[in-house]
Amino acid sequence: VNNMNPTYPGNFRRAMEEFDKNDDGMIDFEEFSSMNKRYPSVLFPIFRLQDSMQRFTLGEKGWLKVFQRNKREKWAEKYMRQHNGQLPPVSV
C-alpha cells in the first residue's frame, strides 16, 4: 500500500499515521500484519474472496500442492544462497 492516489484521502492519511511506523509513505508487510491484527474485520472480506476464488479454481488440494511447491522452491533457493549456488541434495 502506498500514497500514490488514495480513493479516500482522509481514511488513508489516518491509516498511514497509525501504521506507517518507519514513515516511508508505504505500508510494508510488518505494518500490514499489525493493521490486520488490530482491525481483522477490515480485511475479512478480502480473505473471504480469496477463499472463494481458491475453492472455485484449483480447489483445496490444488492450492495445497501450490503451497508445497512454493515452500520447496524457497527452501532450495535458501540452500543455494548458503552453499555458493550448489543445488540441494536430491531426496529419494
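Arginine 69 forms a salt bridge with glutamate 73, the closest N and O atoms being 3.9 Å apart, where a salt bridge is a side-chain nitrogen of Lys or Arg within 4 Å of a carboxyl oxygen of Asp or Glu. Both residues belong to helix α4 (residues 59-82), in which they stand 4 residues apart, about one turn of the helix; helices (H or I, at least four residues) are DSSP runs numbered from the N terminus. Arginine 69 is partly exposed, with a relative accessible area of 40%, and glutamate 73 likewise counts as partly exposed, at 41% relative accessibility. In these terms, buried means under 20% relative accessible area, exposed over 50%, and partly exposed in between (1.4 Å probe, protein chains only).

The model is predicted, so that local features need pLDDT of at least 70 and side-chain atom pairs count only at pLDDT 80 or more, whereas totals for chains, interfaces and linings use all residues. Residues are numbered from 1 along each chain as its sequence is written, and side-chain values use heavy atoms, with hydrogens and water left out.

In total, the structure holds 3 salt bridges. One of them joins aspartate 51 to arginine 55, with the closest N and O atoms 3.1 Å apart, and these two residues both lie in helix α3 (residues 40-56), 4 residues apart, about one turn of the helix. Aspartate 51 is partly exposed at a relative accessible area of 39%, as is arginine 55 at 48%.

Another salt bridge is formed by glutamate 18 and arginine 38, whose closest N and O atoms are 2.5 Å apart. Because glutamate 18 lies in helix α1 (residues 9-19) and arginine 38 in helix α2 (residues 29-38), this pair ties together parts that are 20 residues apart in sequence. Glutamate 18 counts as partly exposed at 25% relative accessibility, while arginine 38, at 55%, counts as exposed.

With contact taken as heavy atoms within 4.5 Å, glutamate 31 touches Phe19, Asp20, Lys21, Asn22 and Met26, not counting residues up to four places away in sequence.
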